[in-house]
Structures are given as C-alpha cells and as structure tokens.
Amino acid sequence: MELFDQLQETVTFIKQHTAFEPKTGIVLGTGLGNLTSEIQVTTRFRYQDLPHFPTSTVDSHQGELILGMLNNHPVVVMAGRFHYYEGYSMQQVTFPIRVMKYLGVEQVFLSNAAGGIHPEFEAGDIALVKDHINLQPSNPLTGSNDERIGPRFPDLLHTYDLSLRSKALTFAKANNIRLHEGVYVCIPGPNLETPAEYRYMNIIGGDLVGMSTVPEVIVARHMDLQVLVLSVVTNKCFPIEELSETTLEGVIEVAALAEPKMTAIIKHLLVKS
Ligand code: HPA
C-alpha cells in the first residue's frame, strides 16, 4: 500500500475515535515522558492499536499517542518514539510525524537526550538545535516521491524555526534557565561513540550528538511543518579528557532532572503560537 493511503487509513481510524483537532505535535525523547502528566487528555492510543504504526521496542519509552490540551493548546503527543537502531525503516521511524501533519498540526516540537560535544555544554543543560549534520546511513525520503505529500528535493535552509527559537531564548533568559543553541549530529547508534568519534564530531562543527530526531525533522520539513528541537545534554562528551562511561540509566536520570526546564519552555511556546 502506498504511504499516502496508509496515512489516510491511520488518520481515518483516529478521527473515528475523536473529533479533537491538534495544532501542535510534540515528540518526547528518552527520559522526557513526564510532560504527559500535564496534559488534559481527550484520547490516547497505544501504538499497537494504530493501523500502520510500528510498536516501540525500547522499555524507557511509553509507546502512546496522546491527544489533549496542554496549557490550553490542542496537542498530539508521542510518548515514545521510534529509532533507526531498533531495526525500523526510516519510513517507519517518521510515519507518526506524517500522521500528525494529516491530523492538522502546523508545528512540531521534538525533544531528545543528547551527548554534549561543545566544551561548555554540561550534563543537565538544555539546548535548542539550530542546525544538524546527518550521519545516518539512510534517509526517510529515499524512494519514489509522492508530490501529494511533499516535494522531491525539500530545502533545509530554514529548518529550525527562528521565531520559535528566539521566543524560547527570551523566555529562558527571563526565567534563569541556561539554554544553549547548537548543531546536532545524528548517528545511527545504538553504541555510544568512541573518544575519537566525539572529537571528530566537535571538529566538524557539532555541539550535540544523538540517535534520533533528524529523520523526523527531515520529514516535517518535507511537509512544510515548523520545527523546534530541544536537546537535554545527558552526558558530557568533550573534551575527551572529561569523558566517562555512559549508561542508559544515567541518561534517563539526567534527562528526568532537566525535564521541568524543557517542559516550561514548551508550555510557554504553546501560548498564542
Ligand atoms: N551519543 C549518542 N547518543 C546519545 C548520547 C551520546 O553520547 N547521549 C544521549 N544520547
């Protein structure tokens, strides 16, 4: 079945269950699922119940699509995302973003846990992604292009929305939240990087590194959605003298501690946006 028809089926299924019309899509990354507790939920779907949705294989992710109000704004939230390292195709990884678009969303806010490869980024800091370098071996737009969905060669010049970023920076400053801006390097994972790789990523202009988000961003821009990405720095990776072993438990712990700052920014951006 063509992607376009799959999307119609999934969206039709959701609309059979709810008339709710979300305007913003939110994707919650590793250890960043607590925001869901602040949603006035209208409807929630387990991924396994949604047609054409892959099912989540990572324990630290919840695996639910939640529709409801956050700060008086209609949102659709992915609690748990799909990663390339789980074995999904890039089309599967990005399918939910396309569903959000066809549910009527105009902008997406994506979060993730990331390694910090800027020397001044410390564990627990948060950063807006202002650009990316894609080092994943596959692209979600590979294959024949459906012009009903988006253009063959989407431009990525204005990928990370400037007005959303400046609004976030102003809010962070006024509220004493340390908020960086940086370039996110996307790698396939699932292994963490070697010291030489972290150093390489710093040299090529990276400030953050992670295993997600960029495929979703590419697909969002393919469909002309506005994009905001917030990374939580869960481990310091540069300079390499300051490297220590990274564990999933450590990543989740630091992400959870930093999450309230991220949630505050997201809620602020939803006001009149
Ligand atoms: N590398 C890749 N992905 C990550 C890291 C890292 O150091 N930390 C959190 N996600």
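In this predicted model, strand E5 (107-116), strand E8 (208-210) and strand E9 (226-236) each contribute at least two residues to the shell around the ligand. Strand E5 gives the largest share, three residues. The ligand is surrounded by Ala-113, Ala-114, Gly-115, Leu-192, Glu-193, Tyr-198, Val-209, Gly-210, Met-211, Thr-234, Asn-235 and Cys-237. By residue type, the shell consists of seven nonpolar, four polar and one charged.

A polar side-chain atom of Glu-193 is 2.6 Å from a nitrogen atom of the ligand. The side chain of Tyr-198 has an N or O atom 2.7 Å from an oxygen atom of the ligand. For Ala-113, the atom concerned is a backbone N or O, which lies 3.4 Å from a nitrogen atom of the ligand. On its own the ligand has 260 Å² of accessible area, and the protein covers 94% of this area.

Helix H5 (residues 214-222) was also examined. This helix is mostly covered, with nine of its nine residues buried. The buried residues of H5 are Val-214, Pro-215, Glu-216, Val-217, Ile-218, Val-219, Ala-220, Arg-221 and His-222. Their cover includes helix H2 (90-102) as well as strand E1 (24-28), strand E6 (126-134) and strand E7 (179-186). Strands E5 and E9 are also among the elements that cover the buried residues of H5, and both supply residues to the shell around the ligand. Just after H5, Asp-224 adopts a positive phi of about 65°.

How values were computed:
Residues are numbered from 1 along each chain as its sequence is written. This is a predicted model: local features need pLDDT of at least 70, side-chain atom pairs count only at pLDDT 80 or more; totals for chains, interfaces and linings use all residues. Side-chain values use heavy atoms; hydrogens and water are left out. A residue is near a molecule or strand if one of its heavy atoms lies within 4 Å of it. A polar contact is a pair of N or O atoms within 3.5 Å; within protein, one must be able to donate a hydrogen and the other to accept it, and residues adjacent in sequence count only if both atoms are side-chain atoms. Accessible areas come from the Shrake-Rupley method with a 1.4 Å probe; for residues, only the protein chains shown count as cover. Helices (H or I, at least four residues) and strands (E, at least two) are DSSP runs, numbered from the N terminus. Ala, Val, Leu, Ile, Met, Phe, Trp, Tyr, Cys and Pro count as nonpolar, Asp, Glu, Lys and Arg as charged, and the others, Gly among them, as polar. Buried means under 20% relative accessible area, exposed over 50%, partly exposed in between (1.4 Å probe, protein chains only). Contact means heavy atoms within 4.5 Å.
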